[in-house]
Amino acid sequence: MKNKNLYNYILTIADNSLILAQRLGELCGHGPNLETDIALTNISLDLLGQTRSYYQYAAKISGEGKTEDDIAFLRIEREYKNCLLVEQPNTHFGYVIGRQFLFDVYHLMLMEKLQNSPDETLAAIAKKGIKEVSYHKRFSSDWVKRLGDGTEESNTKMQEAIDDLWRCTDELFFMTDAENAMVKEGIGIDVSSFKGKYYKEVSEVLKEATLTIPENKYFTKGGKEGIHTEHMGYILADLQYMQRTYPNMTW
Amino acid sequence: MTLTEKPNIQQDLVPVLKTVSDPEIPVLSVLDLGVIREAIEENGIVHIKLTPTYSGCPAMDVIGDDLKAAFSEIGKKVEVELILSPAWSTDWISEEGLQKMEEYGIARPLSETADKDVLLGEKKLVKCPQCGSTNTHLVSQFGSTACKALFKCDDCQEPFDYFKCLK
């Protein structure tokens, strides 16, 4: 493949959206009430739409006759480049909201930079995505505040979720080889450049939500390089089941 | 609408395009909705550039198929290309489209700042499409489709969809 770095770079961004969309999709019909159920699946749909645009682009530049479906369904676990945060399970509603919030703040900052990339396709996907992602962030940060500054139980659960998920945040700013190569070419975004801004914004919302900012300095990473947590295999088993069992099936 | 945002649509294709509607808001044609960015006939093939309202809008695949079906009835082949830039905006919905939407029971998008105020629940500005009252409140930021939010009228008590402003 000629554009191996660009291909991998696109997947680094797109796989986050795919796996989070899959996680949120699991909640369809299982949300705590009708409005949040619809909201979470709407967010899932936006993310899946963005994923499709990225994968179509990746398939095109791969030059190997691949389709977006091949990229979504026919890779092995080690070939998925999503961060560990998005693959964490739907433990409880506070956990889902915490995961969403910690990702949305990062996602919007990345899209805001990517919209100015000289790569026209990436810039167009980002520009379109910004409008959607800012809406996601409004939803998730509202809920962090509502649960954090809610009852004793909602506060406890929200705090637990943030404490637990915090270890996955540092990886968002880890630069992979593909990212470094794309930054060098002027196309990619140096994610480490907005790390400080990210923690500042996250902390402000947590403070407003009367939550304690975790002091945990132990962070996990590996997802962006294909080394995932035990949850990933189960996600892929669900995601890939139909294509693996009935190759090339359509409906 | 700036010049670059103006769609390039061949006039004799308009009657057929008018027959293709948004599957989720069937009173709106694809032209009313502003999702057709280009429609040109070249060497017997109609080339259409379509832009999604939201990235994941599932109506896009259906609209693509409907366009092919509509033109095949008059013996024309269609090639549909999905484009993302410039990104669709609610400003592209025609005035006629906005009126049809209201008659259908969906409140029209407000200006960008007013939209923010109502979605944060700070002001009551959305007009109930049933009784016309602005004594309405937000029930959920996400409605039946990605482009809408759910509201309720506090006068006539009817729930309704509000088409979110997107710019």
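This is a predicted model: local features need pLDDT of at least 70, side-chain atom pairs count only at pLDDT 80 or more; totals for chains, interfaces and linings use all residues.
**Notebook: helix packing and chain contact**

Residues are numbered from 1 along each chain as its sequence is written, while chains are lettered from A and ligands numbered from 1 in the order in which they are written.

I looked up the packing of helix 5 (residues 93-114) and helix 9 (residues 195-208) of chain A and found an angle of about 135°, with the axes 10 Å apart; axes are lines fitted to C-alpha atoms, for helices over the stretch in contact, and angles run from 0 to 180 degrees between N-to-C directions. Helices are DSSP runs (H or I, at least four residues), and strands likewise (E, at least two), numbered from the N terminus. The contact (C-beta atoms, placed from the backbone, within 7 Å) joins A:L102, A:V105, A:Y106 and A:M109 of helix 5 to A:K197, A:Y198, A:E201 and A:V202 of helix 9.

I then turned to the contact between chains, which takes 18 residues from chain A and 13 residues from chain B. On the side of chain A, helix 2 (34-62) and helix 6 (120-148) each give two or more residues, and helix 2 gives the most, with 10 residues.

Notes. Two residues are in contact if their C-beta atoms, placed from the backbone, lie within 7 Å.
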